[in-house]
Amino acid sequence: MQLDTTILGLFRDAAGSVPAYRRFLAEQGVDPETVREPGQIPLMTKEGYHLRFPLPERCRDGRLDAAAMVALSSGSSGRATVWPRSVRDEEPVTARFAQVFRDGFGADRRSTLAVVCFALGNWVGGMYTVAACRQLSAAGFPVTVAAPGNDIGEILRVVGELGGHFEQVVLLGYPPFVKNVVDAGPARGVNWPEYDVKLVLAGEVFSEQWRDLVAARAGIADPVSGVASLYGTADAGVLGNETALSVRIRRFLADRPEVATKLFGDSRLPTLVQYDPAARLFETAPDGTLAFSADGMVPLVRYHIADEGGLLSYPEMVALCREHGFDPGDGPELPFVYVFGRSLFTVSFFGANIYPENVTVGLERPGVSEWTTGRFVLRTIEDEDRDRHLSVVVELAAGAEPTPDRAELAAGSIRAELLRLNSEFANYVLPEHQTPRIELRPADDPEFFPHGVKHRYTRR
């Protein structure tokens with residue numbers, strides 16, 4: 001009931017102060033005066049709301065000039081979506097960082113060098129992380145921020161020159177990139193155990209085997225408390241974060257897929273985080289994906305982010321663990337949200353959303369389109385060393401042969417279009433990881449292109 005009241009309060013405030021939202025409601029035939037429960041409020045989407053109304057009209061009182069800064073994310077066409085921020089918008093995000101830094105790392109009492117390894121510039125991850133870490137410092141945490149961005153050489157130089165002056169070093173970035181940093185360290189004279197390293201990761205689901213592998217290479221004694229993932233979005237910043245409690249539960253479930261299937265309705269192991277319902281009000285949409293409401297300069301009311309996942313209360317989660325003989329221990333008594341990854345046919349790679357539309361253009365170029373059907377499967381794969389790669393399985397036209405030259409040509413064409421169309425890909429993914437791995441399959445291949453079945457362009 002309290003959550004319903006909060007959503008209704010945000011709804012009425014947005015209806016009264018946001019010009020675009022008033023127009024949106026009118027188009028939906030919704031009279032704000034008649035709304036008595038959240039279910040009467042239409043779902044808001046990026047395509048149906050943000051991309052349809054002018055940016056200033058989506059701000060409170062139509063005032064874009066009230067923004068302290070803006071962040072950008074790019075969609076399938078490469079057109080940037082702008083997300084205005086006020087300083088106040090940073091507060092709920094900083095709270096999630098504070099929980100990780102305080103409860104997991106003891107950074108409220110230990111001198112900490114926070115090294116931001118996200119891409120810098122207008123993209124949301126880097127600047128938002130810098131802002132949140134600086135807010136921690138302003139709140140009295142002994143945290144010093146360095147922001148080398150996604151430059152491995154510069155990151156290692158910062159750690160080598162400054163890390164020894166602090167009790168611990170925290171690396172913040174996308175999982176595959178942070179692993180690249182850790183792997184490159186020893187060859188450049190960085191002895192990770194000397195720095196008592198911790199990791200804050202965001203943007204992609206990773207396995208518990210991956211957590212253990214990277215923790216071991218970084219000299220992290222306790223992967224449960226020393227490696228934390230954030231669940232975030234360009235639309236509203238950080239929505240939830242791993243806690244030691246959620247990690248212990250996830251590791252328990254990783255060894256018991258039958259329990260995970262019962263809990264999540266899927267044998268895949270999702271990201272599992274806790275969230276504060278006072279700041280981010282999650283719900284499941286009618287199609288089973290996620291929606292949330294969040295206050296801000298651009299209010300989001302029942303915003304359908306369409307991530308595949310679901311919700312569990314704290315009592316439900318603890319009870320299920322104990323039912324299967326596992327006591328998860330103490331932790332924040334906050335609800336859980338689990339996320340398999342972005343739906344809407346995207347693949348996340350180094351934190352960049354990769355869209356099938358980008359790949360389609362690559363296969364339509366002269367020299368490639370003549371021997372392909374245009375169908376493909378986009379995915380990420382993990383090799384024996386736990387490094388992730390972008391994979392595209394391409395369907396050959398009838399009678400076309402799968403030669404190495406053709407695979408190389410398709411890879412170069414797709415890479416060129418990704419760089420041209422997708423600014424996140426161009427700025428987040430290192431050059432050595434930008435060329436996809438191509439697998440050429442015959443037409444109507446039963447594994448990837450079965451005849452008579454509606455084709456899906458992504459696979460996990």
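The model is predicted, so local features need pLDDT of at least 70, side-chain atom pairs count only at pLDDT 80 or more, and totals for chains, interfaces and linings use all residues. Residues are numbered from 1 along each chain as its sequence is written, and side-chain values use heavy atoms, with hydrogens and water left out.

**Stop one: helix α4**

Select residues 90-104, helix α4 (helices are DSSP runs of H or I, at least four residues, numbered from the N terminus). Now colour its buried residues, among them Val 93, Phe 97 and Phe 101 (buried means under 20% relative accessible area, with a 1.4 Å probe and protein chains only). After α4 comes Gly 106, with a positive phi near 65°.

**Stop two: α7 beside α8**

Next, show α7 (residues 175-184) and α8 (residues 208-217), whose axes come within 9 Å and cross at roughly 30°. That makes α7 roughly parallel to α8 (angles under 35 degrees count as such; axes are lines fitted to C-alpha atoms over the stretch in contact, and angles run from 0 to 180 degrees between N-to-C directions). Residues making the contact include Pro 175 and Val 182 of α7, and Trp 210 and Leu 213 of α8 (contact means heavy atoms within 4.5 Å).

**Stop three: Phe 425**

Finally, pick Phe 425 in helix α15 (residues 423-428). Phe 425 is buried, at 0% relative accessible area. Leaving aside residues up to four places away in sequence, Phe 425 touches Ala 352, Ile 354, Leu 390, Leu 418, Leu 419 and Gln 434.

Technical notes
Helix = DSSP H or I, 4+ residues; strand = E, 2+ residues; numbered from the N terminus. Parallel < 35°, antiparallel > 145°, perpendicular 65-115°, else oblique. Buried < 20%, exposed > 50% of the residue type's maximum accessible area, 1.4 Å probe, protein only. Expected span 1.5 Å × (residues − 1).
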